[in-house]
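Walk through this fold one element at a time. Begin with a hairpin, then widen the view.

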Amino acid sequence: MTQLLSLKLRGLKCCLLAQDIAGVFDKAWHPGILAQLRKLKCPPNTYNMVKDFLRDRTAHVTLGNSLSSKWVTKGCPQGSVSGPTLWNIIISDLIKVLSNEANVKIVVFADDIMIMMQGPSLSDILKIMQTTLQIIDNWCKENRLKISKENSARIPMFTRNKEVLKSHPTINERGIKIASQMKYLGVTLDFKLDWYPHTQYLENKVLLIRNSLVRCSTATWGMTFHNLMTIYKYAILPVITYASEAWSTSVSKRAKSKLQQIQSAFLIFITKAYKSVSNKALLAIAGIMAVEQARQLYKDRRAISRGNPTNAVIAALKKIETPPKPEGSTQKTTT
């Protein structure tokens, strides 16, 4: 996200391309996995172990008194922990090829692929996108995979002019929709990068939980204040601060206001206060910090756990200052 903000400040154009592979763990081609291991110069003992692991696998289907069997050359073995590793072997080749392309950045999590393309104009980005899509098509054919058009999209960032992207016939025939926002790994990305759509998504999610709790807790009976605060701290707050280290750097004013509204709505329910009570009073009654501070604390904790620099107060303390003793003072001892 920092790179996207940097492109915006430099006046460069950018486009995000999300690609989703259909049925990735069910369609992992075994010969392709072994071919990729040979390309990576895998040690013979490890290669033979994987080869024996994938060899002679069959699928059986029983219908009444009939039994049908077929040799299986696709799919990660069910019930094993090898699925993610085998998939990483397959996709490593695509990551390597796209990483060598100029003005292209790639982020991969399982079968969700996010590609960032940058350039001085949207026309240049279209050329980069055409080359990128051709590389992905060739890789899919080589590994017998298929891109899911329903879950794929492209977002032109920081611009409302989408007509240029619609004018390229080679790209349009692939059926990749143009969107102003999309969800990636639980975070809603928008073309403005002000994160207001993400806070709207958080509001709907949190209020759904709150409304479920309202039905089993009222002002006179139900769950206690302590139990509701426990739910807030360990269930609601993690939802709000999820991935905030990625999206907290450029939150707009309306997005911050929406986050405050989400917290206030839940605190009114917990404290059984009137709707007219201010957010600061609710924070004082509940004895918790504001959502903005909680979000910053979460971000700092994540940074400290990874050894990254942070703006936390504790990290800024170089040494503890002790007041000097007044001159001529003597220390009294008791016996």
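**From hairpin to sheet to helix**

β4 and β5 form a hairpin, with two residues between the strands. Alanine 110, in the turn, has a positive phi of about 55°. Helices (H or I, at least four residues) and strands (E, at least two) are DSSP runs numbered from the N terminus. This is a predicted model: local features need pLDDT of at least 70, side-chain atom pairs count only at pLDDT 80 or more, and totals for chains, interfaces and linings use all residues. Residues are numbered from 1 along each chain as its sequence is written, and side-chain values use heavy atoms, leaving out hydrogens and water.

Valine 104 stands opposite methionine 117 in β5.

Now the whole sheet. It is open, with five strands in the order β4-β5-β1-β6-β7 and mixed pairing. β4 (104-109) and β7 (177-178) are the edge strands, each pairing on one side only. Helix α4 (residues 83-99) packs on the sheet and touches β1, β4 and β5 (112-119); contact means heavy atoms within 4.5 Å. The direction of α4 makes about 170° with that of β4. Axes are lines fitted to C-alpha atoms, for helices over the stretch in contact, and angles run from 0 to 180 degrees between N-to-C directions.

β1 (residues 13-21) and β6 (residues 147-157) pair in the antiparallel sense over seven bridges. Aspartate 20 has serine 148 in β6 as its bridge partner. Helix α5 (residues 122-143) lies across β1, β4, β5 and β6, at about 20° to β1.

Definitions and conventions:
Pairing = 2+ DSSP bridges.
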